Amino acid sequence: MKWDKLLKLIVIIAVVAVVAILAVKPVIPDVKWLPFTKLIKQGLDIQGGVHVVLEAQDTPDSPVTPDSVKRAMAVIENRVNAFGVAEPIIQQQGDRRIIVELAGIKDPDEAVRNMIKTAYLEFKTEDGTTVLTGRQLKTATEGKNPQSGVAEVNLEFEPDGAKIFADVTAANVGKPIYILLDNQVLQAPNVKEPIPNGKAQISPYESLEAAHNVAILLRSGALPVKLDVMEKRTVGPTLGADSLDKSIKAGIAGLIAILVFMVLYYRLPGLVADFALITYALIVLLIFAALHVTMTLPGIAGFLLSLGMAVDANVIIFERFREEMWAGKTLRSAIDAGFKRAFVAIFDSNVTTLIAAAVLYYFGTGPIKGFAVTLSIGILASMFTAITMTRYLLHLVAGSNLVRNAKMYGA
């Protein structure tokens with residue numbers, strides 16, 4: 001018995017066992033990212049969410065155009081992403097409608113109020129005439145005046161808005177310009193002097209935080225077109241809770257059947273392969289958690305497909321390994337020869353699948369991209385565990401003399 005190799009084997013098993021426990025059990029309550037599988041978000045088709053339909057409306061200053069609808073979609077997407085919603089679906093329906101689907105949100109009213117319905121921003125003169133809209137506001141940021149130190153909000157208009165703003169401020173010196181969000185007056189600063197360059201400051205504010213809040217409201221109102229909510233409702237998981245629960249149980253049963261088959265058919269190498277497959281699954285989950293992947297049903301399909309390819313890789317390796325053993329080679333040389341002969345077949349099949357996944361990611365959208373990402377991560381992880389880890393573990397087992405009977409290796 002070679003204790004150094006046996007000790008390495010024990011350490012590897014212990015590390016994998018600890019990582020497996022940390023993956024699913026909240027063993028350290030104060031650490032928010034444990035278990036790390038919590039970092040993997042669930043998509044709309046798994047946990048449900050809200051479905052909202054918006055419709056663009058013509059106004060005298062902002063008629064609906066294909067470009068304005070697309071820019072409105074971009075504004076909504078940026079706003080939803082700022083709230084950290086997992087894989088939102090934002091797509092156009094017809095010429096004027098925008099569909100927004102958000103996973104994990106239970107209250108459609110709250111979703112519309114806080115994340116989706118960016119308010120319609122208008123600038124009006126004292127007589128009630130709308131002179132500018134949110135489309136013409138380029139940005140709004142908070143800051144402090146370098147001379148006085150007073151908190152202020154800095155406005156910058158688009159080129160067409162800057163020209164209009166110059167004319168309006170020249171004609172309204174000493175009068176207020178009303179800034180309205182959804183017809184509610186947000187600010188009413190007085191014009192001190194004509195502003196010809198499209199850059200203005202509103203001040204004073206009690207604090208930088210107060211200026212920050214106003215700047216956020218102004219930026220959120222920078223919609224290129226007015227949107228009305230036509231429909232808002234909650235949606236359930238695609239499969240339904242019962243079907244999803246049964247699918248998970250079926251997946252676990254199938255995985256256990258594969259692990260048992262590998263041990264019964266390939267014996268000790270099969271047991272090593274089972275351990276490598278568990279390690280593979282943990283590596284994939286760690287990558288998913290690190291990347292904050294949103295798991296959808298197509299994503300689960302990509303993960304399971306890569307798991308099947310990992311099993312196939314081990315089967316190819318062990319068949320070559322047994323052939324070398326039957327040809328009379330020693331255990332260590334049979335392991336090396338078996339992996340060398342199997343490598344080309346495994347590499348070719350995985351590379352061609354990676355190419356297909358890259359094409360799907362490039363041309364696909366939403367869930368199709370998710371499928372391509374999870375499949376690619378799974379393939380790379382399976383190649384590592386099948387070609388590198390399984391081989392290393394088999395050498396450790398053979399070198400430790402823990403099991404000397406050649407029949408236990410499939411000979």
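1. Tyr265 is partly exposed, with a relative accessible area of 42%, whereas Tyr266 is buried at 3%. Here buried denotes under 20% relative accessible area, exposed over 50%, and partly exposed the range in between, with a 1.4 Å probe and protein chains only. The two residues form an edge-to-face aromatic pair, with 4.8 Å from centre to centre and 85° between the planes. Rings of Phe, Tyr and Trp (its six-membered ring) are paired if their centres lie within 6.5 Å; planes under 30 degrees apart are stacked, those over 60 are edge-to-face, and the rest are tilted.

2. The model is predicted: local features need pLDDT of at least 70, side-chain atom pairs count only at pLDDT 80 or more, and totals for chains, interfaces and linings use all residues. Residues are numbered from 1 along each chain as its sequence is written, and side-chain values use heavy atoms, with hydrogens and water left out.

3. Tyr266 also pairs with Phe318: the ring centres are 5.5 Å apart and the planes stand at 50°, so this pair is tilted. Tyr266 belongs to helix α7 and Phe318 to helix α9, so the pair ties together parts that are 52 residues apart in sequence. Helices (H or I, at least four residues) and strands (E, at least two) are DSSP runs numbered from the N terminus. Both Tyr266 and Phe318 are buried. Ring pairs join Phe261, Tyr265, Tyr266 and Phe318 into a cluster; in the whole structure the search finds 9 aromatic pairs.

4. Arg322 lies over the face of Tyr265, at 5.0 Å from the ring centre. The criterion is NZ of Lys or CZ of Arg within 6 Å of the ring centre and within 35 degrees of the ring normal. Lys369 is placed over the face of Tyr361, at 5.0 Å from that ring centre.

5. Arg322 also takes part in a salt bridge with Glu319 (4.0 Å, N to O). A salt bridge requires a side-chain nitrogen of Lys or Arg within 4 Å of a carboxyl oxygen of Asp or Glu. Both residues lie in helix α9 (residues 297-326), 3 residues apart, about one turn of the helix. Arg322 counts as buried at 13% relative accessibility, while Glu319 is partly exposed at 23%.

6. By the salt-bridge rule the count comes to 10. One of these joins Glu156 and Lys138 (3.8 Å, N to O). Glu156 is in strand β8 (residues 151-157) and Lys138 in strand β7 (residues 137-144), so the pair ties together parts that are 18 residues apart in sequence. Glu156 is partly exposed, at 25% relative accessible area. A network of salt bridges links Arg320, Glu323, Glu324, Lys329 and Arg341.

7. The largest nonpolar core has 53 residues, of which Val284, Phe288, Ile317, Phe318 and Tyr409 touch the most other members. Such a core is a set of buried Ala, Val, Leu, Ile, Met, Phe, Trp, Tyr and Cys residues joined through side-chain atoms within 4.5 Å. At least two residues of this core come from each of α1 (3-24), α7 (241-266), α8 (268-290), α9, α10 (331-363) and α11 (367-400). Helix α11 gives the most, with 15 residues. A second, separate core of 25 residues includes Leu121, Val131, Ala151 and Ala200.

8. Ile317 is in contact (heavy atoms within 4.5 Å) with Gly338, Phe339, Ala342, Ile346 and Ala386, leaving aside neighbours within four places in sequence.

9. Ser306, in helix α9, is buried at 0% relative accessibility. Its side chain is joined to that of Tyr280 by a polar contact of 2.5 Å. A polar contact is a pair of N or O atoms within 3.5 Å; within protein, one must be able to donate a hydrogen and the other to accept it, and residues adjacent in sequence count only if both atoms are side-chain atoms. Beyond neighbours within four places in sequence, the contacts of Ser306 are Tyr280, Leu375, Gly378, Ile379 and Ser382.

10. His51 lies in strand β2 (residues 49-57) and is buried at 8% relative accessibility. The side chains of His51 and Glu101 make a polar contact of 2.8 Å. Residues touched by His51 include Glu231 and Arg233, not counting those up to four places away in sequence. The side chains of Arg233 and Glu231 themselves meet in a salt bridge (2.7 Å, N to O). Arg233 is partly exposed at 37% relative accessibility, and Glu231 is partly exposed at 32%.
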